[in-house]
Amino acid sequence: MSVQRFVTLRSATLKHRIAQRDGRDHVVVPVVALVEGVIHPVNAPHAELVKAERFASSLSEWEGQPIFAGHPMKDGIPVDGHLDDILPLSFGFVANAKATNTQLTMEAWIDPDRAATSDGGKRILERATHDTPDVIEVSVGVFVTMQDAEGEFNGRKYKGEWMAIKPNP
């Protein structure tokens, strides 16, 4: 069964750098987007298991995904970030996704000029470039192929396992 999931992960930001893309400066921040384990997506009725081996199947699909301050919403409902009236609210993109050990890592390429046009973008940029690492919640939207499964992983119970992951901001 294919379902859409929205997940929020709390992670310390790592050292940012400045890099150019298309002749524009971007603040590049390493991000941990998903971690192997039992998670409870915002829109799921119960906790679900995500194994690291599933991360590698969709790495190229993360490239270029838009970045928003939180999940894109319309009338209080999470929506696809590629919608014509939502995409212009993006202030960056994802690059260099990798499956490393038990984590899905990537870089957030933030356009400072576009981030400055929204309160959320300004706050994220300030926190990402602060001298002291800060905890920033990173949210991902994904379509997953779900398998009915019940069990326990590292002491946490789950009902459902992600078999395939496809990004959807």
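Predicted model: local features only at pLDDT ≥ 70, side-chain atom pairs only at ≥ 80, totals over all residues.
The protein chain has 169 residues, and 44% of them count as buried. Its secondary structure comes to 3 helices and 11 strands. Read along the sequence, the elements follow the pattern β-β-β-β-β-α-β-β-β-β-α-α-β-β.

An open sheet of 4 strands was examined in detail. Its strands are ordered β2-β3-β9-β8, and the pairing is antiparallel. The edges are formed by β2, residues 17–21, and by β8. Each of these edge strands pairs on one side only. From one strand to the next, the twist averages 35 degrees. Strands of a sheet pair through backbone hydrogen bonds, in either a parallel or an antiparallel sense.

Strand β9 lies between β3 and β8 in the strand order. On one side, β9 pairs with β3, which spans residues 24–35. This antiparallel pairing runs over 8 bridges. Two residue pairs illustrate it. V28 stands opposite W109 of β9, and L34 has L104 of β9 as its bridge partner.

The other pairing of β9 is with β8. Strand β8 covers residues 92–100 and β9 covers residues 103–110. The two are antiparallel and share 7 bridges. Here V94 stands opposite A108 of β9. K98 is bridged to T105, also in β9. The two strands form a hairpin, with 2 residues between them. N101 is in the turn and has a positive phi of about 50 degrees.

Q20 is located in β2. Its relative accessibility is 55%, over the 50% cut-off, so Q20 counts as exposed. Q20 and D111 are 91 residues apart along the chain, yet their C-alpha atoms are separated by 9.8 Å.

Helix α3 comprises residues 119–128. Its buried residues are G120, G121, L125 and A128. Viewed down the axis of α3, these buried residues fall within an arc of 130 degrees, so they line one face of the helix. The face turned away from this buried side carries exposed residues, namely D119, R123 and E126.

The second largest pocket has a volume of about 200 Å³. Its lining consists of 14 residues. Those nearest the pocket centre are F68, A69, L89, S90 and S118. By residue class, the lining of this pocket divides into 8 nonpolar, 5 polar and 1 charged.

Technical notes: Residues numbered from 1 in each chain as written. Heavy atoms only, no water. Pairing = 2+ DSSP bridges. 1 Å grid on protein atoms, 1.4 Å probe; cavity = no way out; pocket = protein on both sides within 12 Å on 5 of 7 lines; lining within 4 Å. Points joined across faces, edges and corners; volume = space filled by probe spheres on them. Nonpolar A, V, L, I, M, F, W, Y, C, P; charged D, E, K, R; others polar. Axes fitted to C-alpha atoms, helices over the stretch in contact; angles between N-to-C directions. Buried < 20%, exposed > 50% of the residue type's maximum accessible area, 1.4 Å probe, protein only. Arc of directions from axis to C-beta.
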